[in-house]
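User: Please give me a close look at one part of this model, with the criteria behind each term stated.

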Amino acid sequence: MINFTINGQPVSANKGETILQAARKAGFYIPTMCYLEKTTPCASCRLCVVETDKTEGLILSCQTPPTEGLGVIIDSDRLQTERTNIMRLYDVNHPLECGVCDKSGACDLQNKTLEFGVSAQHFSAKDQHRAIEHWGLINYDPSLCILCEKCVHVCNEIIGDDAIELQFGGYKSSVIPKNSDTLDCTFCGECIAVCPVGALVSSNFQYSANAWELTQIPATCVHCSAGCSLHYEVRHTSNALGGESKIYRVTNDFEHTTLCGAGRFGFDFDQQSEKDEAEFDKAVAALQNASAIRFSSMITNEEALILQRIKEKLGIKLYNEEARAYQSFMNAYSSVSGKAGFGGSLDAIKQSDGIIVVGGRISSDNPMVRYAMTTAARHNGAKVVYMHPIEDDLLQNVITQFVKYEVGTEEGVVAMLAKTLLENADIGDELQSYFKELDEGYLCAESNVGDEEYARILKTFARLKRKTLIIGSDLLNHKRAANIARLCAMIETHTEFSVVVVAPSVNTIGVSLICDLDADKGGEKVVGYNAPGDYTMGSFADSMLKLPSLNAQEGTFVSISHQVLPTNVAVAFNGYTLNDIANVFGIEAQYTIDYTAQLPRNRGFNGTKFDDLGNFFGTLGEDNRGYTLDNIDVEVSGSLEEVETLPEFNGSVVYRCNPINQFNGYTQKTSQLEKDTTLRGSSQFAAAAKIGDGDKIRIEFPQGTQERIFKLDPTLKGTIALVPAYDVGFGVLNEQYRFEKVKIMRMGSES
Amino acid sequence: MHHEETFTDRNVSEQSAYYYVDIESYPTTGWDKFKQVVKRTFSGELFVGLWVVMREMIKFDIHTVQYPLEKLPIGPRYRAVHKLLRLWESGYERCIGCGLCEKICISDCIRMDTKIDENSRKEVTEYSINLGRCIFCGYCAEVCPELAIVHGDRYENGSEQRAHFVIKDDMLTPLDMLKAGQQSEYPGFGAIIPGSDAAVKKTPLAY
């Protein structure tokens, strides 16, 4: 603790904290324009200047840590003059278009201009012609830009795209795409969120509504398992368009959270329906005669509990292969670790100084994990080892070691990794002999990962303190998933590593905790809830009974940080809900959220009522969203099995992997997100499969055939192509092992 | 100079100018009532009034406004049904879609939709006022920074339904009317005060 004074009052700061952070924590106000808590200080606005008794000149409080006994003055006439002059300079030739500007009413420049009473232009500069740039989902107006550099900092330090930079040129400076004519990035839109003025705006939202007209509805993103906080901003449309409520945009609390492109731009997946009694009766009848319900993990905890109650009442089965795979993986995991859940979280990744990722294409599977890794790499200098059969271009700036293994050899790779990481741990004789007996030569040769690569990992991680192992979803559906899980649990139990398992869908974890799932053996009379079946209900165009989509529902999800997160209704839905159906079967509840308090306590839920759950961040970033699941103890009974013969995948191999910002049927329905349905492969793959760029092809999977266009992707290397799964159906990505040996034929050439 | 009204005592008192009128007592018997009716009916006072009407009719000097064929001009600051004005020179719509009228409207009857047009400018696509709710307070015209929404001179709001809307096409000055110079400026709430040019401060542009 460092004790110092602000305006004569005693304040204390932790080691590493700056004067600004300590002042904010103590409730002092220092104005800033470019400061962002989550990045390193941009130090471009100079509005946060303060006086001290130990320096002559003014110092920047955002990047200066206090020293013991320092006397800081944060407001004086001299500082006021300094700050007012800065605001006067910001306002020079700033276009007076507040009347139409999207940021008006929520604009930092507007607020500070009024705060410092700048009512006239005191300085002059010759105005420039600055053309408005159109970068797809993002529009950039350089004449509104105040060059605070927030966008550049988040893009580089948090997201990792590193797609924009500042072009220095005095008064002519502007933000430009880095090494490209146009913006080439993953379109997370975080630059839009942090922009304090209206320079960077969403092209879809621009000029369609004003900040003050929109009602912010706090919710949780439904696209991946990260459970990001977001606000659906809704407003009525005009009378000519029906006057109905509509989501205009999605924003996030950018000071404390980050959002990917799917969350930010993929919000218009809701569907409207009226109460159709005839169809409702059909649904009830279908359920009465059903042998099973097949459902996807795009479901709230409450509805999952309703399905579980329906299962108990009607004695039918519940199918959800994706969640079942996760469930059995975690069962095997906790049989070794003694805890129901893994120990890591997104915050743990952010704070790590060493990260190992095994088996998953993180940048498209779970962007938040990627952002957390970027943050760790940029802020803590974290060492990142990425182990996967396919190199990932987007992680290039983050990873320090790429370990490429052969498809299907994950068990051997994880066994060798466990052996490496447990080398110096106290693990007992039995385990020691297990690892000693591993046929190292065979495993290394088959997986094509050399001894020296493990040695390098060992060397790198020996000195690190906060280490995280990230398990990708490839491993969940591996034939030997259970043994892989036990090996991973060994690493968490016996080393300083905390483990994060990247669950595939928004509520895979919740479903795996709440439902007793059965193996999907198909069969007749299956009712599908947002999943295929003989009778289907759900929130898609082809669902027979329309039920509300996840942005028209209230309920909770369990994120990969094991938080129970509430979500709220953004757009009203007039049709039936699953709860109405359950009521017919005597499973009575007035509202779906009545089940929130009934979620099983023996799985870690704590019985809080829905209305008592918070969904916001405090001013200092305190997380007041929902609650954290108890990590309950379970019996330790599992033991490691011998590593089986590693399989070989020859010929044309494809990897189920959605393009960036695409996850599921909801993202597919949205209007703004790019819908790339092509098979993407390298030139090497094209040569091997005898296909070329733009060819129409037929891919023969063991489960069926797909017709797609082949696209040559210069960022890819190697012999594995990426096939999207979001357009095929829910959960398809993670129902089987993600790599698949297929036959590829060029269409038209067969005849 | 200080002006003071001379005070008169208006209290009812013996000395004041008030006096009791002499009212005949009401007839009580049936015969008395009959006599009173006959007396009032045939006294001829009726024809005094009728003669005035007849005289004016014969003179053919009639002041009656033949509504709805004729309408009286209304005061220039009267707040009747709204109009959307155009810029005189270019003919573009004055409305920039800032949404202030929608925000300030105390009866919440203005609705609009805006979008970005092909020139990256804000364009108003839909604009409607629910006259069933509008209280014609004039706030929209007062808050408008562009003198785009003003009150016009159409005061007839008769409708078959309570929710009676004016939409953008009804309110916007047609281009041919603009070219014929038939758009009139509104002098009411929110209009420029005469002589306000003198109050404008110039931005220093020292280059």
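At what angle do the axes of helix α9 and helix α17 of chain A cross?

Analyst: This is a predicted model, in which local features need pLDDT of at least 70 and side-chain atom pairs count only at pLDDT 80 or more, while totals for chains, interfaces and linings use all residues. Residues are numbered from 1 along each chain as its sequence is written, chains are lettered from A in the order in which they are written, and side-chain values use heavy atoms, without hydrogens and water.

The axes of α9(A) (residues 321-337) and α17(A) (residues 481-494) cross at roughly 40° and come within 8 Å. Helices here are DSSP runs of H or I with at least four residues, and strands are runs of E with at least two, numbered from the N terminus. Axes are lines fitted to C-alpha atoms, for helices over the stretch in contact, and angles run from 0 to 180 degrees between N-to-C directions. The pair α9(A) and α17(A) is therefore oblique, the class left after angles under 35 degrees (roughly parallel), over 145 (roughly antiparallel) and 65 to 115 (roughly perpendicular). Their crossing is right-handed, a term for a near helix turned clockwise from the far one by less than a right angle, with anticlockwise giving left-handed.

Contact (heavy atoms within 4.5 Å) involves F329(A), A332(A), Y333(A), S335(A), V336(A) and S337(A) on the α9(A) side. Residues contributed by α17(A) include I484(A), R486(A), C488(A), M490(A) and E492(A). By class, this contact holds 11 nonpolar, three polar and two charged residues; Ala, Val, Leu, Ile, Met, Phe, Trp, Tyr, Cys and Pro count as nonpolar, Asp, Glu, Lys and Arg as charged, and the others, Gly among them, as polar.

Helix α17(A) also packs with α14(A) (residues 428-437), at an angle of about 125° and with the axes 14 Å apart. That angle makes α14(A) oblique to α17(A), and the crossing of α14(A) and α17(A) is left-handed. Here L431(A), Y434(A) and F435(A) of α14(A) meet N483(A), L487(A), M490(A) and H494(A) of α17(A). The residues of this contact divide into five nonpolar, two polar and no charged. M490(A) is listed in the contact of α17(A) with α9(A) and in that with α14(A).
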